[in-house]
Structures are given as C-alpha cells and as structure tokens.
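Subject: Handover of a structure and the findings from it

Dear colleague,

Please find below the structure that I am handing over to you.

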Amino acid sequence: MFATLLVLVIHADHWPLQQSGADLAVWNYCDLLSRSCVPIFVVLTGLLLTYRRQEHMHLRVFARRRLGRSLLPWAFWLPIYTLIGLFLTFEVTRSWSGVVSWWLLGGGHLWYLILVPQLYVCFQFWPEGLRARWLLAAAAMALQTALCLYRLYAPQSAPLQGLFLAYGYEFFFFWIGYFAVGAAIGASLVRNVPRWPAWPFWLATAAGGALLVGVQLSSADEASFANGTGAFLRPLLPIMTITVFAAVAISGERLLRAYDWIRRPAVVLSRYSLGIYIVHEALLYIPGRILAGPLLQRHLPLSAFGFALLVFVTLGLAYVVTRLIVATPLAITVGLPPEPLRLPWRTADAAGED
C-alpha cells in the first residue's frame, strides 16, 4: 500500500504550482524521494516469490499465474492508454511513429508490467541456499549499481549506451539487485522472523534521502537521463529504498496488529493494488482539473493541501473502478479472478481469512 501511494504521489506532483523558489524545490524533492516506489515493488516481488515458496510450483502453473498478472493486463490496457495519451494527456505524438515509439517505451506507466515477467523468468534459475541467495544479492546489487553509473557517466558512443539511456528501465538487469535482496530477505524470513526495532531504519532512510537529494549529478555526461523515469535508475536510490522498505515493513506490521481501523483498509488496498496502479493514471485528471484552479495552482502551503486531496481522491476513485472491474469477467485485466461486489469491510475480513 505504501508503494502504491508513492506511485500516486509521482504522477500527481506535477499538478501543484512549481514556478520557482520553495514551490519548485518542494515538489522536485517530493518527486525524487518518491522514486523508491517501484524499487520497493521489485523488492517485494522477490520477497513474496521466495516466502510463499512458489519456486516449488510447476513451471507451467507458475508461468500461467504470474504472466497472467502482468503481460495480459499490459496487452489489454496498452491500446486504452494509447488513446488516452493521444486525446487526453497528449503525451503520445499523433503519428504512427509517435505511437510506436511510445509503445517501445513501455506505454507510459504500464512499462512495469513488462519488467516483472523478466524477473519471474530469472527466479526460475535462483539458487536454493540462504547463503547463496545473500551472496547473489550482493553481486546483483553491485552489478545494478555499476550499470546505473555506466548509464549516466559513459558517453553516448559507448557500447549499448543508446539502448540503456532510452530503455534501460525496461530491462531486468537494472533492477536485479532489488529483486535479489527481496529474494534473500524472503528466504531469511522463512527460517526466522527477527524482532528488530524500526527506528534505526527510519534514521537510515532519512540519511539515504538526504544523500539522494544532496548529491548532484550535473557532472554526469548524461545527467538529463537521471530525471523522470530515469530517476528510478539513480545509483544512490538503493540506499533509501532498502532502508525505507525495512522501516515500513517493521512499523507497518506492528500497526496492522495493533489497530484494526488501519489493518482493514490496508488489506483491501493491497489486494487491489495492481488494478489501482493500472487505472489511476487516467482517473487522476478528474480531480486534477477540478482542484487545479482553487488549490493546486496556488503557492505553498495551499497547494500542499490540494495535492494531498488530489492523491487520496484519486486513490479512492481508482479503488472503486478497480473493484467494479473485478466484479466482471474483465477482472483478469487487473490480475485478479472475478468476484462479486462486497462491502469493503467484508472484503477485508475475507482477505484476512485467506
């Protein structure tokens, strides 16, 4: 749920006023610090695949289940978001070459759905032992970091640099470190669940965030590719990602056990997170255009209030639309089996029982 909220933050933070000064700095930092969202998803993917022991599942069953939650939704929603990009957001150039180019870039935020299958394939070759998994995690993180540095500092004439600059975020090897760390954590949790305090990880998260914001990449040959989607591939981002993942996991687990009013919506939103991720980008424009004049295009702190409202209204709309989709045969397009409409708290109870 935390990572899903950060995705909404990234897609909403260009709506507030950002002319200069504090208005510009605050939302730039907000965007950069929220870039841990997709890496968190990747860490969580590796963790859950290992923790749920899906490596013991027959390959054909594993492929059908996993790819059905990624490639099928991507194929279904790609033409829909192409039309949205052509006629609503105008992010797709109105020509055949513009459409094909946008498709090659993954189809807007749908690119994540073509990254995940690559990680599923990698997982079929993952080592079994705990020590081997941690060694692989260290090696994979080193490789990922080296590739991210290469992408920013190598000249465009360097081997594969053109491919890495434009499409690097679509390739598994730029994410393999996150995935390997998640798989190692999952294997460790199978053996033992440690009772660590959360505060050291929160302190480390603050330090990692300060480092991410403070280290300038202007000297890099390809510094412009460290922004936008390229910001997901910043070499220092893993420091903040791993620490905030641990901090949220530890704190969240305790909050969910202690407070039922937090647990119930968290369970519901987590269950429908893939659908929320897929549909929210189009729905964002409904509250965005309504709030733009009265709140978002005002100076801080008024724009911050409008921004928070934009994020949570979009989250609510995305949940409702996803839930309606899941009640139809189109449920498979958001990675879930069809299920009848139920009250949210009944859904949370049922998910908890599962």
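In these notes, helices (H or I, at least four residues) and strands (E, at least two) are DSSP runs, numbered from the N terminus. The model is a predicted one, in which local features need pLDDT of at least 70 and side-chain atom pairs count only at pLDDT 80 or more, while totals for chains, interfaces and linings use all residues. Residues are numbered from 1 along each chain as its sequence is written, and side-chain values use heavy atoms, with hydrogens and water left out.

Leu 88 is found in the loop between α5 (71-87) and α6 (96-104). Leu 88 counts as partly exposed because its relative accessibility is 27%; the classes are buried for under 20% relative accessible area, exposed for over 50%, and partly exposed in between (1.4 Å probe, protein chains only). Setting aside residues up to four places away in sequence, Leu 88 touches Leu 83, Tyr 285 and Arg 289, where contact means heavy atoms within 4.5 Å. Leu 88 also lies 8.7 Å from Ala 282, C-alpha to C-alpha, although 194 residues separate the two in sequence.

The next topic is a pair of helices. Two packed helices are described by the angle between their axes and the distance between the axes. Helix α1 (residues 2-12) packs against helix α3 (residues 37-51) at an angle of about 155°, and their axes are 8 Å apart. Here axes are lines fitted to C-alpha atoms, for helices over the stretch in contact, and angles run from 0 to 180 degrees between N-to-C directions. The angle makes α1 roughly antiparallel to α3, since angles under 35 degrees count as roughly parallel, over 145 as roughly antiparallel, 65 to 115 as roughly perpendicular and the rest as oblique.

Which residues of α1 and α3 meet? From α1 they are Phe 2, Ala 3, Thr 4, Leu 6, Val 7 and Ile 10, and from α3 they are Cys 37, Ile 40 and Phe 41. The residues of this contact comprise 8 nonpolar, 1 polar and no charged. In this scheme Ala, Val, Leu, Ile, Met, Phe, Trp, Tyr, Cys and Pro count as nonpolar, Asp, Glu, Lys and Arg as charged, and the others, Gly among them, as polar.

I turn now to charged side chains. Side chains of opposite charge can pair when their charged atoms come close. The structure holds 7 salt bridges, a salt bridge being a side-chain nitrogen of Lys or Arg within 4 Å of a carboxyl oxygen of Asp or Glu. One of them joins Arg 35 to Asp 31 (3.0 Å, N to O), and both of these residues are buried.

Another salt bridge joins Arg 257 to Glu 253, with the closest N and O atoms 2.5 Å apart. Both residues lie in helix α12 (residues 237-258), 4 residues apart, about one turn of the helix. Arg 257 is exposed, because its relative accessible area is 55%, whereas Glu 253 is partly exposed at 32% relative accessibility. Arg 195, Glu 253 and Arg 257 are linked in a network of salt bridges.

A further salt bridge is formed by Glu 339 and Arg 323, whose closest N and O atoms are 3.4 Å apart. This pair links distant parts of the chain, 16 residues apart: Glu 339 is in the loop between α16 (302-326) and α17 (344-353), and Arg 323 is in helix α16. Glu 339 is buried, with a relative accessible area of 10%, and Arg 323 counts as buried at 4% relative accessibility.

Yours sincerely
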